[in-house]
Amino acid sequence: MATNRTFTMIKPDAVENGHIGAILEKITAAGFKIVAMKYTQLSKRDAQEFYAIHKERPFFGELVEFMTRGPIVAAILEKENAVEDFRTLIGATNPAEAAEGTIRKLYASSIGENAVHGSDSNDNAAIEGAFHFAGREIF
Ligand code: RTP
Ligand code: MG
């Protein structure tokens, strides 16, 4: 995946709370182009693999439970400086510490259930995008 792309998920809490439309509006209004998107649900195995980097952390079990409890929206987004700019748009991991106007400040309820995922590096954006999408699903 090109380095001007990032990967995101609208997490189960935000889907349950009816925020898909508002979050996609924030993302496109901020200048991101959607180049791939799907509505899907992660299996336990998917979530364990996707978040493998956190497998020794105390919250890992809770994270896998949360991420698999309902559908998510997965997407690849394109914009100059996509990874960093998207992390700015979503705000801090803990919504209590997220800046005003960020997606997590607006739509997340806790550090565990924080509405959206954003890749943390170009390398991870490529890995995460490829985890969810076949080449023919990326435009
Ligand atoms: P993400 O990967 O989902 O974009 O979030 P992030 O980079 O801001 O945060 P990260 O450190 O990668 O953590 C991944 C996700 O694990 C959950 N978490 N729970 N209970 C806790 O203390 C805790 N800490 C992290 C969150 O869902 C976080 O987004
Ligand atoms: Mg992360």
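What share of the contacts in the protein chain with a separation of 6 or more comes from residues 24 or more positions apart? Such residues account for 73% of those contacts, where contact means that the C-beta atoms, placed from the backbone, lie within 7 Å. This is a predicted model, in which local features need pLDDT of at least 70 and side-chain atom pairs count only at pLDDT 80 or more, while totals for chains, interfaces and linings use all residues. Residues are numbered from 1 along each chain as its sequence is written, and chains are lettered from A and ligands numbered from 1 in the order in which they are written.

**Overall fold**

- The protein chain has seven helices and four strands, taken as DSSP runs numbered from the N terminus (helices H or I, at least four residues; strands E, at least two).
- Along the sequence their pattern is β-α-α-β-α-α-β-α-α-β-α.
- The radius of gyration of the protein chain is 14 Å, which agrees with the value near 14 Å for a compact globule of 139 residues; it is taken over C-alpha atoms, and the globule rule is 2.2 Å times the number of residues to the power 0.38.
- Along the principal axes, the C-alpha atoms fill a box of roughly 35 × 35 × 25 Å.
- Of the 139 residues, 35% are buried (20 or more other C-beta atoms within 10 Å of a residue's own; exposed is 12 or fewer, partly exposed in between; C-beta atoms placed from the backbone).

**Helix 5**

- Helix 5 (residues 82-90) has Ala82, Val83, Phe86, Leu89 and Ile90 buried.
- Those buried residues line one face of the helix, because they fall within an arc of 125° seen down its axis, the arc being that of the directions from the helix axis to the C-beta atoms.
- Their cover includes strand 1 (5-10), helix 2 (20-29), strand 3 (72-78), helix 6 (103-107), strand 4 and helix 7 (122-132).

**His117**

- The UniProt annotation "active site", from an unreviewed entry, covers His117; the position is in the numbering used here, the feature name is shortened, and annotations may be inferred rather than shown by experiment.
- His117 is in strand 4 (residues 116-118) and is buried, with 20 other C-beta atoms within 10 Å.
- Apart from neighbours within four places in sequence, His117 is in contact with Thr8, Met9 and Lys11.

**Ligand 1**

- Among the residues around ligand 1 are His54, Phe59, Thr93, Asn114, His117 and Asp120 (C-beta atom, placed from the backbone, within 6 Å).

How values were computed: Contact = placed C-beta atoms within 7 Å.
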